[in-house]
Amino acid sequence: MLEKVQVLQRISQSGIVAVVRAETSQMALDIAEAVRLGGVEAIEITFTVPGAVEVLKDLAAKYKKGEILLGAGTVIDAPTARLALLAGAQFVVCPNLDPEVIRLCNKYGKVCVPGAVTVTEMVNAMELGADVVKLFPATSFGPKFIKDVRGPLPHVAILPTGGINLDNAGEWISAGAVAIGVGGELTAGAKKGDYALVTETAKKFVAKVASSR
């Protein structure tokens with residue numbers, strides 16, 4: 001089992017978190033395998049996926065040697081976070097800032113990424129013990145926002161999510177994002193059953209992040 005600091009390091013080194021939203025449990029499992037084959041290590045299964053807990057359990061069992069970093073997304077409260085952690089999630093991503101979720105993750109030594117869109121929210125998240133803050137929707141702010149925030153808060157780790165594509169991914173990394181959260185732009189091929197396309201797109205995102213560092 002990876003220590004919390006190791007999970008954080010791998011997320012940072014990878015630079016990409018695949019945000020998996022799917023219509024069925026099987027589709028979520030297939031997307032996870034496709035992005036893994038494309039070189040994306042951190043995979044976030046959102047709680048909008050039907051049977052998300054079982055999906056997390058299945059992935060935790062399948063990749064028990066640490067081939068992926070397994071995360072749970074769209075976690076809006078502590079009970080949901082606990083279900084995710086018991087199912088095998090190594091990190092939890094939230095659209096909101098809930099102190100109880102952060103405390104729960106810290107209690108179990110797991111990475112927590114709460115949502116925060118203002119400097120005050122980010123400072124509050126850090127004070128509560130958050131490891132990274134999620135900036136969502138990223139398209140409402142733009143890469144320059146990260147540069148501006150990291151002026152007075154150089155220690156804050158920001159994970160922008162929402163509207164990130166191959167054209168702007170490099171800008172976010174160059175601006176100082178610890179990693180980027182990518183959903184539909186990465187997994188679009190799955191809607192057509194084209195998982196090879198998902199893998200190829202993942203490879204392109206990995207290359208883009210690498211070239212922007």
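Visitor: At what angle do helix 2 and helix 10 pack, and how far apart are their axes?
Guide: The angle is about 40°, and the axes are 7 Å apart. Helix 10 covers residues 195–211. Axes are lines fitted to C-alpha atoms over the stretch in contact, and angles run from 0 to 180 degrees between N-to-C directions. Helices are DSSP runs (H or I, at least four residues), as are strands (E, at least two), numbered from the N terminus.

Visitor: What about the source and the numbering?
Guide: This is a predicted model: local features need pLDDT of at least 70, side-chain atom pairs count only at pLDDT 80 or more, and totals for chains, interfaces and linings use all residues. Residues are numbered from 1 along each chain as its sequence is written, and side-chain values use heavy atoms, leaving out hydrogens and water.

Visitor: Which residues meet between helix 2 and helix 10?
Guide: Met27, Asp30, Ile31, Ala34, Val35 and Leu37 from helix 2. Contact means heavy atoms within 4.5 Å.

Visitor: How does that contact of helix 2 with helix 10 split by class?
Guide: Eight nonpolar, one polar and two charged residues. Ala, Val, Leu, Ile, Met, Phe, Trp, Tyr, Cys and Pro count as nonpolar; Asp, Glu, Lys and Arg as charged; the others, Gly among them, as polar.

Visitor: Now helix 3 and helix 4. What is their packing angle?
Guide: About 25°, with the axes 8 Å apart. So helix 3 is roughly parallel to helix 4 (angles under 35 degrees count as roughly parallel, over 145 as roughly antiparallel, 65 to 115 as roughly perpendicular, the rest as oblique).

Visitor: Which residues meet there, between helix 3 and helix 4?
Guide: Val53, Leu56, Lys57 and Ala60 in helix 3 touch Leu83, Ala84 and Ala87 in helix 4. Six are nonpolar, none polar and one charged.

Visitor: Switching to the largest nonpolar core. Which residues touch the most other members?
Guide: Val35, Ile45, Leu59, Met122, Ile158 and Ile180, out of 63 residues. Helix 2 (residues 25–37) gives the largest share, seven residues. A nonpolar core is a set of buried Ala, Val, Leu, Ile, Met, Phe, Trp, Tyr and Cys residues joined through side-chain atoms within 4.5 Å.

Visitor: And Thr48, where does it lie?
Guide: In the loop between strand 2 (42–46) and helix 3. Thr48 is partly exposed, at 44% relative accessible area. Buried means under 20%, exposed over 50%, partly exposed in between, with a 1.4 Å probe and protein chains only.
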